[in-house]
Amino acid sequence: MRSPTTLASLADELRAIVGQSGVLHAGSDLLVFECDGYQIEKNSPDIAAFPRSTDEVARVVRAAARYEIPIVPRGAGTSLAGGCLPVGGGLMIVLTRMKRILEINLRDRYAVVEPGVVNAWLNQALAGTGYHYAPDPSSQGACTIGGNVATNSGGPHTLKYGVTVNHVLGLEAVLADGRVIQCGGPAEDSPGLDLVGALVGSEGTLAIVAKIWVRLTRNPQGCRTMLAVYDTIDEATDTISQIIGAGIIPAAIEMMDQGIIAAVEQAYHFGFPLDAQAVLLIEVDGLEAGLDAQRDVVAELCRQCGARNVQFAADATERQLLWKSRKQAFGAIGRLSPNYCTQDGVVPRTKLPHILRRILAIGEKHRVRIVNVFHAGDGNIHPIILYDEREPGAIERVLQASGEILDECIHCGGSVTGEHGIGVEKIRYMAKMFTADDLAAMEHLRTAFNPENRLNPCKMLPTAGGCGMEQIRPGRRAAL
């Protein structure tokens, strides 16, 4: 238990580092940080600090070390697995004031950004240069690149371009004792161990990322975007395997089911058929020569698999509207229920029809409505469980349904996360996915970087006899 006197003393030290406006200490001010997109577990930090530079991050970390206070780094808070939940309170280091794009180097094809840069800002800065930053999470209008690094985020174009780790060249990071390290940098293929690969996806449990060198990708000459409409989910999922089996790797294949279609249509009025059971948003890109032929092959495969209609985006405006409908689908879900829990699992593509049928059955079993919008091309599913936390028993049913879905992903040969991380939500599944030796190796790595486990404790790895938590009941409920 940290005494009020200790916390007040720490707050005073932090104000001396980041300024009066850079520290929040009052309980009412800290409520906004009590959860991320995973709303089932909630707990406020004791203090929040907002550094503006690597040096300030290091000094804040050293101050917290002197008081033996745990630290939770946080970006925009858009993560969906409780990765930035302050489980035991402590100090939250909010990185959203570190939002500068420090360098754009087109000749060497890299950019340097601070962790609080919103993903979409970088591509806005690159507009007209002929280059872009490829990782594009659906929340890219809000999520930060630092948060993307923490969870190794994917996105609609992961199918062709890869996840965040494939686009990070180097990192500057602050260790648990306040030392600053650099792994990698602007050059390709740094010698030595791949510490960049170790830090990306470590969810802030190894170090706090303070600067990022990212790879820039040349824009494709052109793209063709289409929407295929289906009467059954099986027809849609079969199309995905047929396209990949034909040797075509689209830039993206996204799927929305009937529930999502209705929500999106209500929000954006794109003209989606409300009686369709599924739609696929498919995009091919590359050299202009041959793009039309590739588009036509994909469209024909869609029809052969049962698509009743294939609609092409006629121009850039229609393409942007289609992608807006997809990328803002999560916002539209607010029209369906007061609360929702987004799951994140991966299955082999050929298992998509099976897992979607199981999700439907699990929803019926636990009396919860589940809608689906996901990155179908790489088998990354996002079943969204709708609920009202004020309803007695609702959260328990959500947890039970979530657990069965993730168990089924493992049973199919997949994983319990594709891009949202483990956080607190899925920590108990780590022992199901990995052997004791696997987990011990990960623990040794964490101890090497973070020997006292003060950086984002209770995340990712189960901790024997420590704060590793197994979720067996809702953490907090709203007032009735």
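Helices (H or I, at least four residues) and strands (E, at least two) are DSSP runs, numbered from the N terminus.

## About the model

Welcome to a predicted model, in which local features need pLDDT of at least 70, side-chain atom pairs count only at pLDDT 80 or more, and totals for chains, interfaces and linings use all residues. Residues are numbered from 1 along each chain as its sequence is written, and side-chain values use heavy atoms, with hydrogens and water left out.

## The second largest pocket

A pocket is an open set of points on a 1 Å grid over the protein atoms alone, where a 1.4 Å probe fits, with protein on both sides within 12 Å along at least five of seven lines; lining residues have an atom within 4 Å of a point. The second largest pocket has a volume of about 860 Å³, a volume being the space filled by probe spheres set on the points, which are joined across faces, edges and corners. Its lining has 46 residues, with Gly 77, Thr 78, Ser 79, Leu 80 and Cys 143 closest to the centre.

Strand S3 (71-74), helix H5 (145-151), strand S10 (208-215), H11 and helix H12 (329-332) each supply at least two residues of this lining. H5 gives the most, with six residues.

## The largest pocket

About 1100 Å³ of space lies in the largest pocket. It is lined by 38 residues, and Gln 140, His 157, Arg 319, Trp 323 and Lys 327 lie nearest its centre. Here H11 gives the most to the lining, with six residues.
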